[in-house]
Amino acid sequence: MQEHSFRILVINPGSTSTKIGVFHNERSIFEKTIRHDTEALRAYKKIIDQYEFRKQTILETLDHEGINISKLDAVCGRGGLLRPIEGGTYAVNEVMLQDLRRGYSGQHASNLGGILAHEIASALNIPAFIVDPVVVDELDPIARISGFSLIERRSIFHALNQKAVARRVAKQMGKAYEEVNFIVAHMGGGITVGAHKCGRVIDVNNGLDGEGPFSPERAGTVPAGDLVSLCFSGEYYREEVMRMLVGGGGLVGYLGTNDAVKVEKMIENGDEKAKLVYSAMAYQVAKEIGAASAVLAGKVDAIILTGGLAYGKQFVKEIADRVQWIADVIVQPGENELQALAEGALRVLRGEEEAKQYPRAVKTTV
Ligand SMILES: Nc1ncnc2c1ncn2[C@@H]1O[C@H](COP(=O)(O)OP(=O)(O)OP(=O)(O)O)[C@@H](O)[C@H]1O
Ligand SMILES: CCCC(=O)O
């Protein structure tokens with residue numbers, strides 16, 4: 001019997017670009033990164049106000065490429081800063097749209113993903129989904145305790161890529177994602193290290209503005225007392241401190257660039273400070289992986305390194321040298337988020353999974 005085939009439009013909005021793809025089942029038949037002029041985006045006060053502009057740009061691009069959208073079976077967008085939810089594929093519904101519009105857990109370009117998917121899909125009378133948004137929260141209760149009773153640890157991470165890569169590696173090992181324990185380090189503009197236990201990310205650093213290794217542009221964990229003193233020194237506004245931690249932290253703060261390729265060039269040219277800082281970033285990732293191995297009680301089937309920084313051979317070597325005693329290190333550079341969105345939608349269209357209904361919130365209060 002011939003297998004039913006599905007055509008899916010996937011949308012991944014970033015701060016300065018919108019990545020789109022059209023998939024025929026698992027096969028990508030068209031992918032494009034639409035770059036948005038910073039001036040054009042600046043005209044909108046809030047990220048959410050950009051949705052009509054981005055929608056028109058997507059539709060014009062598809063039209064220009066000769067892609068007939070009436071043949072689509074579903075539209076799937078990257079989900080945003082919603083309420084904390086468990087991983088999976090979610091049908092876009094009214095409550096989700098409201099939360100995305102008001103930015104329930106903050107403003108992030110991915111908030112546009114579900115809205116754009118809904119806008120395009122509803123005009124075609126087909127379903128709209130989001131998959132594994134950054135707020136996927138499967139933390140064990142013990143991982144929520146920060147040590148300061150007024151602040152709870154939160155799960156904000158590269159859930160889409162981490163889970164997709166973990167599923168892929170599990171498959172290569174002949175196992176289901178739900179049968180293995182992995183440590184996945186996504187190393188991009190932000191860095192998140194997740195402890196994946198039998199299909200659930202039971203501990204992970206909040207890589208957006210919380211904690212963990214420093215990254216190309218984020219500070220990660222900083223000494224708490226010194227940070228409090230700096231905040232109350234009278235020298236900085238709140239926004240300035242936030243900008244120094246997120247966007248202006250990490251490599252940007254020390255070396256003035258978020259581009260690891262440039263940093264590697266600086267090191268090649270004998271820059272000792274660049275060498276120390278770049279090695280420190282690898283050191284902090286390795287330390288976080290070590291912590292995740294303790295979370296998994298040493299039962300680790302593999303350590304997976306992914307994201308743009310995983311292309312850096314020396315960087316990867318420095319991490320691997322410190323952690324390969326724990327488990328095999330598997331390097332999967334870059335990210336495959338469009339493919340992951342398509343696969344998430346396919347699992348539902350094929351009836352392998354049921355679309356989850358939002359909010360299926362997790363209990364977070366201690
Ligand atoms: N060949 C390479 N060697 C070393 N570093 C690289 C290479 N290619 C890209 N990078 C670095 O990877 C980082 C960006 O990674 P990536 O593209 O995954 O981030 P992003 O998508 O912008 O952010 P995020 O992954 O946090 O969502 C940059 O510092 C970039 O310089
Ligand atoms: C950590 C959440 C994803 C991002 O880097 O924006």
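Of the 16 residues around ligand 1, which come nearest? They are His186, Gly190, Asn258, Asp259 and Ala260. Keep in mind that this is a predicted model.

Start with the polar contacts of ligand 1. Aspartate 259, one of the nearest residues, also makes a side-chain contact: an N or O atom there sits 2.8 Å from an oxygen atom of the ligand. A polar backbone atom of glycine 189 is 3.1 Å from an oxygen atom of ligand 1. At glycine 308, a backbone N or O atom lies 3.0 Å from an oxygen atom of ligand 1. On its own, ligand 1 has 640 Å² of accessible area, and the protein covers 67% of that.

Now look at what builds the shell. Helix H10, residues 260-268, gives the most to the shell around ligand 1. Its share is three residues. By class, the shell of ligand 1 has nine polar residues, five nonpolar and two charged.

Move on to ligand 2. Which residues are around ligand 2? The list runs His108, Val134, Ile156, Phe157, His158, Gly207, Leu208 and Arg218. By class, they divide into four nonpolar, three polar and one charged.

Three of these side chains reach oxygen atoms of ligand 2. Histidine 108 places a side-chain N or O atom 2.9 Å from an oxygen atom of ligand 2. For arginine 218, the side-chain distance to an oxygen atom of ligand 2 is also 2.9 Å. Histidine 158 has a polar side-chain atom 3.1 Å from an oxygen atom of the ligand. How much of the accessible area of ligand 2 does the protein cover? The protein covers 91% of the 230 Å² that ligand 2 has on its own.

Finally, turn to the cysteines. How many disulfides does the structure hold? The count is zero. A disulfide is a covalent bond between the sulfur atoms of two cysteines. Is cysteine 76 buried or exposed? Cysteine 76 has 0% relative accessibility, so it counts as buried, because buried means under 20%. Cysteine 198 is at 39% relative accessibility, and therefore counts as partly exposed.

Definitions and conventions. Residues are numbered from 1 along each chain as its sequence is written. Chains are lettered from A and ligands numbered from 1 in the order in which they are written. This is a predicted model: local features need pLDDT of at least 70, side-chain atom pairs count only at pLDDT 80 or more; totals for chains, interfaces and linings use all residues. Side-chain values use heavy atoms; hydrogens and water are left out. A disulfide is a pair of cysteine sulfur atoms within 2.5 Å. Buried means under 20% relative accessible area, exposed over 50%, partly exposed in between (1.4 Å probe, protein chains only). A residue is near a molecule or strand if one of its heavy atoms lies within 4 Å of it. A polar contact is a pair of N or O atoms within 3.5 Å; within protein, one must be able to donate a hydrogen and the other to accept it, and residues adjacent in sequence count only if both atoms are side-chain atoms. Accessible areas come from the Shrake-Rupley method with a 1.4 Å probe; for residues, only the protein chains shown count as cover. Helices (H or I, at least four residues) and strands (E, at least two) are DSSP runs, numbered from the N terminus. Ala, Val, Leu, Ile, Met, Phe, Trp, Tyr, Cys and Pro count as nonpolar, Asp, Glu, Lys and Arg as charged, and the others, Gly among them, as polar.
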